[in-house]
Amino acid sequence: MSHEIDPSFLALPLHALADAALARARALGAEHADFRFERVRSASWRLRDARVAGSSDITDLGYAVRVVHGGSWGFASGVDLSMDAAARVASQAVAMAKLSAKVIEAAGSDERVELADEPVHADRTWVSSYEIDPFDVPDTDKTGLLAEWSARLLAADGVAHADASLLTVHENKFYADTAGTTTTQQRVRLHPQLTAVAVDPASGEFDSMRTLAPPVGRGWEYLTGGGAGSWDWDAELAELPGLLAEKMAAPSVEAGTYDLVIDPSNLWLTIHESIGHATELDRALGYEAAYAGTSFATFDQLGSLRYGSEIMNVTGDRTAEHGLATIGYDDEGVAAQSWDLVKDGRLVGYQLDRRIARLTGLGRSNGCAYADSPGHVPVQRMANVSLRPDPGGPATDGLIGDVENGLYLVGDRSWSIDMQRYNFQFTAQRAYRIRNGELAGQVRDFAYQATTTDFWGSMTAVGGPETYVLGGAFNCGKAQPGQVASVSHGCPSALFRGVNILNTTQEAGA
């Protein structure tokens, strides 16, 4: 369904505020200036055992001015919707750039901020793909549906508790810069989740299992069914208690080397941590070291690093329908694109913003600048980073059938990775033993451990398009002060040979 920009957002003095701010920045000698007005409404609901345990509904509204003046960045933000206030914010941004220039000079650096060229995009409008804005649905309908689903879980044998949550976001953004670009955008996204908890009253042992439904750039229709890409909530809720009961009775895994068939519901997170973050070029250049480390995929290895096997093809994509990082234009006025990060197993690209693109001589930015609020400066953020399926690849059953001794992993759970995005271990919601090409029941207490290049180098088959699922998260963190962004990662099922499996109870005991 095609939607239009919310009229209440368009009624705000967007262009007038931008004109006042950009005019002041020009008058003060800025080489570049951009203005960004945002209204981000975020709401959440939490239920415990079918009863509402908490809710929130917050709107963040304001604007920001960013400048390049004297070769240095300047940034300021405000909430006063008067023309004089917008001009003052621009003056503050220029003053900050002048101060930054003095600090940089005192530090002995002669590095200047320059931005890669981008065509002018005048008066462009973009709206994400959804049918029903979740904010048009009464709150009682939202909590009522979550309560009904929770009650279904609680009615099943072996389920002691049920947790439910729903996160929804409606984001409007207006951008203008001194080059002449003006864009107006609207995005909707949501994340529903249910968890069943089992407790053994005799031993006190407990475990849990979550729904696999990923967060999506869709509307309320994702929860109510119908239409292509909708989730079968009835089927998942019906099978979840039985799966949890089987897990509670499952034996502990034997540590060793296994072939792994990994479902997209688990593999997306490994992609996020070992490829998505590792191919952020600001991180690879060392600009992000203070927060969450750098990257083993350093810039000098572009075009030569053997990231994985020859069947490994990974794209960065800001255009994927329903992707959480999908946009029309980024926060530097760059049009959304799709590009290769890993091609035939080799590192061939990075995620870029305009400053990093110019600094490294890579030409045009691929549109990866994003700020999570009007009070934050745009930073380089992750695109929808996805592993491509094999056009003629097998179904998941076919991958399992090619394994004599292995595990089939479903759903993400805990994870750990080092500061260079190289050594890691991941667990899953559930794991099934594979013996002679067939599933042979669940096992517990497992984690797969590898280095990034060894893991992706062990990938010997990827599933066909019918196995491809777009997973993702609402809570990708980066920058200081910290910012949070939503991002999707698509992938098919995939087969990995000879991966180390830890028994986590033995590791904890050690």
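**Note on the predicted model: charge pairs, cores and backbone points**

1. Arg36 is buried, because its relative accessibility is 3%, under the 20% cut-off. This is a predicted model, and the points below should be read as such. The salt-bridge partner of Arg36 is Glu38, with the closest N and O atoms 2.4 Å apart. Glu38 counts as buried as well, since its relative accessibility is 0%. Side chains of opposite charge can pair when their charged atoms come close.

2. Glu114 and Arg358 meet through their side chains in a salt bridge, at 3.6 Å from N to O. Glu114 sits in the loop between α3 and β4 (124-127) and Arg358 in helix α10 (residues 354-359), so the pair ties together parts that are 244 residues apart in sequence. Glu114 is partly exposed, at 38% relative accessibility. Arg358 is also partly exposed, with a relative accessible area of 42%.

3. Next comes Lys173 with Asp331. Their side chains form a salt bridge of 2.9 Å, N to O. Lys173 belongs to strand β5 (residues 161-177), while Asp331 is in the loop between β9 and β10; the two are 158 residues apart, and the pair links distant parts of the chain. Lys173 is buried, with a relative accessible area of 6%. Asp331 is buried too, at 3%. Elsewhere, salt bridges with shared partners join Glu205, Asp207, Lys247, Arg413 and Arg444 into one network. The total count is 28 salt bridges.

4. Which residues have the most contacts inside the largest nonpolar core? They are Leu260, Leu267, Tyr307, Leu387, Tyr448, Trp456 and Phe496, in a core of 56 residues. Helix α7 (residues 264-276) supplies the largest share of this core, five residues. Another core lies apart from it and has 39 residues, including Trp45, Met209, Ala213 and Leu243. In soluble globular proteins, nonpolar side chains tend to be buried together.

5. Leu260 deserves a look of its own. Leaving out residues up to four places away in sequence, Leu260 touches Leu407, Leu409, Tyr448, Ala494, Leu495, Phe496, Val499 and Ile501. Two of these, Tyr448 and Phe496, are also listed with Leu260 among the residues with the most contacts inside the largest core.

6. Helix α7 is mostly covered: 13 of its 13 residues are buried. Its span is worth checking on screen. A straight helix of 13 residues would span 18 Å at 1.5 Å a residue, but α7 spans only 15 Å between its end C-alpha atoms.

7. Leu99 is in helix α3 (residues 83-106). Leu99 counts as partly exposed because its relative accessibility is 48%.

8. The peptide bond from Gln480 to Pro481 is cis, with omega near -5°. Pro481 is in the loop between β20 (469-478) and β21 (483-491). Ala50 is not a glycine, yet its phi is positive, at about 70°. Ala50 lies in the loop between β1 (32-48) and β2 (51-69). Ala50 is partly exposed, with 26% relative accessibility. His322, another residue other than glycine, has a positive phi near 70°. His322 falls in the loop between β9 (314-317) and β10 (338-343). His322 counts as buried, at 14% relative accessibility.

9. Last, Asn366. Is Asn366 buried or exposed? Asn366 is buried, because its relative accessibility is 6%, and the cut-off is under 20%. Asn366 is placed in the loop between α10 and β12 (369-370). Neighbours within four places in sequence aside, Asn366 is in contact with Arg318, Val334, Gln337, Trp339, Tyr350, Gln351 and Leu352. His15 is 351 residues from Asn366 along the chain, and their C-alpha atoms are separated by 26 Å.

Technical notes: Residues are numbered from 1 along each chain as its sequence is written. This is a predicted model: local features need pLDDT of at least 70, side-chain atom pairs count only at pLDDT 80 or more; totals for chains, interfaces and linings use all residues. Side-chain values use heavy atoms; hydrogens and water are left out. Helices (H or I, at least four residues) and strands (E, at least two) are DSSP runs, numbered from the N terminus. Buried means under 20% relative accessible area, exposed over 50%, partly exposed in between (1.4 Å probe, protein chains only). A nonpolar core is a set of buried Ala, Val, Leu, Ile, Met, Phe, Trp, Tyr and Cys residues joined through side-chain atoms within 4.5 Å. Contact means heavy atoms within 4.5 Å. The expected span of a helix is 1.5 Å times one less than its number of residues. A salt bridge is a side-chain nitrogen of Lys or Arg within 4 Å of a carboxyl oxygen of Asp or Glu.
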